[in-house]
Amino acid sequence: WYSGIRFVVIGGIGLLGIVLCVRTLTRIGEILDQRRRAEAARAEAHTNLELILNALPVGVTLIDSRKQVRSINPAGLELLGLADADEVVGQPCGAIFCHDPETPCVQDEIHLDGLQLDTRLRRRDGEELSVVKKAIALKMQDETVYLEAFMDISDRMAVETALRDQEHFTKTILDFAPVGIVVIDAEAHRIVDNNATALELFETDREHAIGALCHHFICPNEVGRCPITDLGKHVDRAERMLVSRKGRKRQILKSVVSTTLGGRRCLVESFVDISALKAAQEALQQESFKLQAVIDGLGEGVAITDGGGQITEVNPFYTRMTGLSREDCIGRPLANHYPEALRSELESAAEMFQSRTGERAVVKDNARIFGLDAILRLQPIHTDSGFAGLVFSVVDVSPLVAERRRAEAGSQA
């Protein structure tokens, strides 16, 4: 009985060992199979990653912890002007990227997420390209490596440089121009930019001008009635008033155009100070009034011409002599009024005045004009620019001639 039980126990233990061995071998096979599938998946993922990196239109390189190039994609090789990755793999990353002394190395940065640098890349032929570079830190086999992507921005940098140069050139011209220029936000009516001449006329600095309401300086009487934004008018060479920060008023000639800057509607206003011109015009007008009063008060007929011989002004005495209105005289040739007997002589004198300066006036006594006995005087007008016109004077001496004739007749009797 005991021997039978012992045989059964021993047999059972042997069978259990066999089962455990089979299960162990099966599990080992499963683990090995899982590892093979994992390795295959890892290899497939690595292959896919390489395919993706190789297909990217930007350069991508992998830098190890010793700051040496571990791998690089075809786009990166093309940017470097290289044919094979072996020419750069194992080289220090400084052989590719030439950082400025002030530019930090990405590996020295603690926070790499979103790090973006503008740097330069050195090609094989020695040419340097401007590139923008982004980097991220990765863990590979317990080692920190850096995946760096870079893109050529030389064209963009050239455009930006040209744009900066153009902006500087434009600003220099605008600041040098003797015309005030301001840019105004059309909605807020606040100054957003101005040139040096505008600041000079405002008698202020840029700090106080930028952000100020335009009505503080230009068109102070038009608050709420802006001709452009409120009334829809077109302003071109309109006379307006400018008030400086010190309260000094100036008359200006202003033009305005509407444009869009940075997505907002703006008004570009240009203006020139005409205060001196207006003062000169007013003084000239006063002198003109005085001269007109003198001419109108003369006891002789006076006609004034321009350099072409066209009548520009006549006094009332002249119109009474001719029997013509002022409108019938203005703009007509003075030569039409010359006496027929003296026409050739007076026309020759007028031509002489045009070609020579310093000539004295031509005076003709005992002339017959407009049915009157008269003394004629043709006086040239010369300015610094040359011949400017004529003054034609007609002195009516008919009463004197009649009196003389009566005296002569009496003496003969």
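Q: Quick one before we start: what counts as a strand here?
A: A strand is a DSSP run of E with at least two residues, and strands are numbered from the N terminus. Keep in mind that this is a predicted model.

Q: Good. Then where does Lys254 sit?
A: Lys254 belongs to strand β10, which covers residues 249-261.

Q: Is that lysine buried or exposed?
A: Lys254 is buried, because its relative accessible area is 4% and the cut-off for buried is under 20%.

Q: What does the side chain of Lys254 make a polar contact with?
A: With the side chain of Glu269, in a polar contact at 3.4 Å.

Q: Let's talk about holes. How many cavities of 30 Å³ or more are there?
A: The count comes to 1 cavity of 30 Å³ or more. The volume of the largest cavity is about 80 Å³.

Q: Which residues lie nearest the centre of the largest cavity?
A: Those are His215, Cys219, Cys226, Lys254 and Glu269, out of a lining of 12 residues.

Q: What about the open sheet with β12 and β16, what is its order?
A: That open sheet has 5 strands in the order β13-β12-β16-β15-β14, and the pairing is antiparallel. Its edge strands are β13 (311-314) and β14 (362-369), each pairing on one side only. The twist there averages 25 degrees from one strand to the next.

Q: How many bridges hold for β12 and β16?
A: Strand β12 (residues 301-305) pairs with strand β16 (residues 386-396) over 4 bridges, in the antiparallel sense. Gly301 faces Val394 of β16 in that pairing.

Q: Changing topic: why is β1 described as largely enclosed by the rest of the structure?
A: Because 5 of the 5 residues of strand β1 (residues 59-63) are buried.

Q: Which residues are on each side of β1?
A: Gly59, Thr61 and Ile63 are on one side, and Val60 and Leu62 are on the other. All of these are buried, and both faces are covered.

Q: How many bridges does β1 make with β6?
A: β1 and β6 (residues 143-152) have 5 bridges and pair in the antiparallel sense. Thr61 stands opposite Glu148 in β6.

Q: And with β2, how many bridges?
A: There are 3 bridges between β1 and β2 (residues 69-72), which run antiparallel. Here the bridge partner of Thr61 is Ile72.

Q: Last one: which residue in the hairpin of β1 and β2 takes a positive phi?
A: Lys67 does, with a phi near 65 degrees, in a hairpin that has 5 residues between the strands.

Terms used: Residues are numbered from 1 along each chain as its sequence is written. This is a predicted model: local features need pLDDT of at least 70, side-chain atom pairs count only at pLDDT 80 or more; totals for chains, interfaces and linings use all residues. Side-chain values use heavy atoms; hydrogens and water are left out. Buried means under 20% relative accessible area, exposed over 50%, partly exposed in between (1.4 Å probe, protein chains only). Two strands pair if DSSP finds at least two bridges between them. A polar contact is a pair of N or O atoms within 3.5 Å; within protein, one must be able to donate a hydrogen and the other to accept it, and residues adjacent in sequence count only if both atoms are side-chain atoms. On a 1 Å grid over the protein atoms alone, a cavity is a set of points where a 1.4 Å probe fits but cannot get out, and a pocket is an open set with protein on both sides within 12 Å along at least five of seven lines; lining residues have an atom within 4 Å of a point. Grid points are joined across faces, edges and corners, and a volume is the space filled by probe spheres set on the points. Axes are lines fitted to C-alpha atoms, for helices over the stretch in contact, and angles run from 0 to 180 degrees between N-to-C directions.
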